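Please keep the coordinates open while reading.

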Amino acid sequence: MKRGESKHSSEAAASERRKFVRATLVGSALVSPKSGGRASTAVLDNVNKLGAGLHMKEKFPPNEKVTVSLAFLDSDRVEQQEKLDGTVTWVKPWEKGFLIGVVWDELVTKEKNRWLYYYLEETLKSSV
């Protein structure tokens with residue numbers, strides 16, 4: 001593969017990711033490595049149908065397979081939990097630990113991720 005082809009394909013991938021607007025969603029999350037290591041708490045910063053950005057005290061290496069657990073309150077104020085599998089794609093130092101980016105293994109859909117899907121739909125509707 002020529003160098004220009006590789007650059008073009010990574011630009012196309014970045015452009016494809018940007019089609020999905022990020023929604024601000026601040027809340028607690030639990031990040032568990034698929035390798036069986038210890039789970040870590042995190043603060044969710046933003047999310048879209050492709051992935052999320054989180055703040056954490058612990059460092060997860062890039063390419064680490066993880067499960068991110070999120071909690072939502074339904075209309076009756078009952079907590080509903082969702083678990084999304086993904087891969088850590090980037091890690092940056094932060095004043096209180098690390099910022100990490102996670103890309104979901106599968107696109108968020110209303111069938112698989114009901115609560116996150118509806119949150120994103122409603123949030124993005126109201127921001128237009």
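The largest nonpolar core of this predicted model has 23 residues, and Val31, Leu54, Val68, Leu70, Val102, Trp104 and Leu116 are those that touch the most other members. A nonpolar core here is a set of buried Ala, Val, Leu, Ile, Met, Phe, Trp, Tyr and Cys residues joined through side-chain atoms within 4.5 Å.

Val68 is in contact (heavy atoms within 4.5 Å) with Ala29, Leu30, Val31, Leu54, Glu82, Lys83, Leu84, Val102 and Trp104, leaving aside its neighbours within four places in sequence.

The model is predicted: local features need pLDDT of at least 70, side-chain atom pairs count only at pLDDT 80 or more, and totals for chains, interfaces and linings use all residues. Residues are numbered from 1 along each chain as its sequence is written, and side-chain values use heavy atoms, with hydrogens and water left out.

The protein chain contains 2 helices and 6 strands, in the order α-β-β-β-β-β-β-α from the N terminus. Helices (H or I, at least four residues) and strands (E, at least two) are DSSP runs, numbered from the N terminus. Of the contacts with a separation of 6 or more, 52% join residues 24 or more positions apart. The chain has 128 residues, of which 34% count as buried; buried means under 20% relative accessible area, exposed over 50%, and partly exposed in between (1.4 Å probe, protein chains only).

Mean pLDDT, the predictor's confidence in each residue from 0 to 100, is 81 for the protein chain, and 77% of the residues score at least 70. Confidence is highest in β6, at 96, and lowest in helix α1 (residues 3–18), at a mean of 44. The pLDDT is below 50 over residues 1–17, a stretch with 4 contacts in the model beyond near neighbours in sequence. Where pLDDT is low, the predicted coordinates should not be read in detail.

Two residues remain. Leu120 lies in helix α2 and counts as buried because its relative accessibility is 0%. Asn63 lies in the loop between β3 and β4 and counts as exposed, at 63% relative accessibility. Phi of Asn63 is near 75 degrees, a positive value in a residue other than glycine.
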